[in-house]
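Let's take a friendly walk through a protein model together.

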Amino acid sequence: MTIYIAFLRGINVGGHNKIKMAELKQMFEGMGFTRVKTYIQSGNVLFESDGKEPFILKCIEHEIKEVFGFTISVVLRTSTELERITGECPFSKEEISVAEESSEGESLYVALLLEVPSQERIEGLSAFRTEYEDFRFEGREVYLLFRKSIRNSKLAIKVQKLGVPVTIRNWKTMNKLTTLAKEIERKTGVSTVIEGD
């Protein structure tokens, strides 16, 4: 059995694609997934399954369409992949510290991609690197560092247009999900919904 984290793209934003986390949890359990846990309204679901990623993705996206009536993209990572993502940040502590001193809100984010985009699209991101916005590509992740804000960021917009499904989470959320995944590995039984940040 593998512990997965499903990242839903574009739900509960500006009154669109509304999903209550309790209902989302119920949907996952109804699909036969075990040890289901949700975290905050942006749509992060931890669960256990012996299925393979492509099949699970297709099933989740289909079920969301059936249950909630709209189509969204879902990106999956295993708990092992998540631990690697949060444990191997390519930005140095000094770079992050400098960004945090001047940023409005969170400064470090991770864009989770369904698959690796074309080399041409990856290279195209470089034009949007500035003294205030930087990135590092690592496989299916793009680490984003903002010295001002992610709001109105041209780089963040460009990352959303890499030609593959992508969803972005801040570093705090990524670390919390890593912790929750480790807790699931240590415990048995179904976990409860968490709505805190």
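This is a predicted model: local features need pLDDT of at least 70, side-chain atom pairs count only at pLDDT 80 or more; totals for chains, interfaces and linings use all residues.

**Rings, strands and a cavity**

Start with arginine 129, which lies over the face of phenylalanine 135, 4.1 Å from the centre of the ring.

A pair of aromatic rings is described by two things, namely how far apart the centres are and what angle the planes make. Searching the whole structure gives 7 aromatic pairs. One of them is formed by tyrosine 4 and phenylalanine 47: the ring centres are 5.7 Å apart and the planes meet at 20°, so this pair is stacked. Planes under 30 degrees apart count as stacked. Now find the two partners along the chain. Tyrosine 4 belongs to strand S1 (residues 2-8) and phenylalanine 47 to strand S3 (residues 44-49), so the pair links distant parts of the chain, 43 residues apart. Buried here means under 20%. Both residues also belong to one aromatic cluster, formed by Tyr4, Phe28, Phe33 and Phe47.

For another arrangement, turn to tyrosine 109 and phenylalanine 146. Their rings form an edge-to-face pair, with 5.8 Å from centre to centre and 75° between the planes. Tyrosine 109 is in strand S5 (residues 108-113) and phenylalanine 146 is in strand S7 (residues 141-146), so this pair ties together parts that lie 37 residues apart in sequence. Tyrosine 109 counts as buried because its relative accessibility is 12%. Phenylalanine 146 is buried too, with a relative accessible area of 0%.

Let's stay with S5 and see what runs beside it. S5 and S8 pair in the antiparallel sense, over 5 bridges. To trace one of these contacts, find leucine 112: its bridge partner in S8 is threonine 167. How many residues of strand S8 (residues 166-170) are buried? The count is 5 of 5, and the strand is mostly covered. In a regular strand, side chains alternate between the two faces of the sheet. In S8 both faces are covered: Val166, Ile168 and Asn170 are buried on one side, and Thr167 and Arg169 are buried on the other.

Follow the chain onward from S5 and you come to proline 117, placed in the loop between S5 and helix H5 (119-124). Proline 117 counts as buried because its relative accessibility is 7%. From proline 117 to lysine 158 is 41 residues in sequence, and 13 Å in space from C-alpha to C-alpha.

Our last stop is an empty space. Rolling a probe the size of a water molecule over the atoms shows where such space is left. The structure holds 1 cavity of 30 Å³ or more, and the largest cavity has a volume of about 30 Å³. Which residues line the largest cavity? They are Ser79, Glu83, Thr178, Ala181, Lys182 and Glu185. Helix H3 (79-87) and helix H7 (171-186) each supply at least two residues of this lining, and H7 gives the largest share, with 4 residues. By type, the lining divides into 1 nonpolar, 2 polar and 3 charged residues.

How values were computed
Residues are numbered from 1 along each chain as its sequence is written. Side-chain values use heavy atoms; hydrogens and water are left out. On a 1 Å grid over the protein atoms alone, a cavity is a set of points where a 1.4 Å probe fits but cannot get out, and a pocket is an open set with protein on both sides within 12 Å along at least five of seven lines; lining residues have an atom within 4 Å of a point. Grid points are joined across faces, edges and corners, and a volume is the space filled by probe spheres set on the points. Ala, Val, Leu, Ile, Met, Phe, Trp, Tyr, Cys and Pro count as nonpolar, Asp, Glu, Lys and Arg as charged, and the others, Gly among them, as polar. Rings of Phe, Tyr and Trp (its six-membered ring) pair if their centres lie within 6.5 Å; planes under 30 degrees apart count as stacked, over 60 as edge-to-face and the rest as tilted. Buried means under 20% relative accessible area, exposed over 50%, partly exposed in between (1.4 Å probe, protein chains only). A charge sits over a ring if NZ of Lys or CZ of Arg is within 6 Å of the ring centre and within 35 degrees of the ring normal. Two strands pair if DSSP finds at least two bridges between them.
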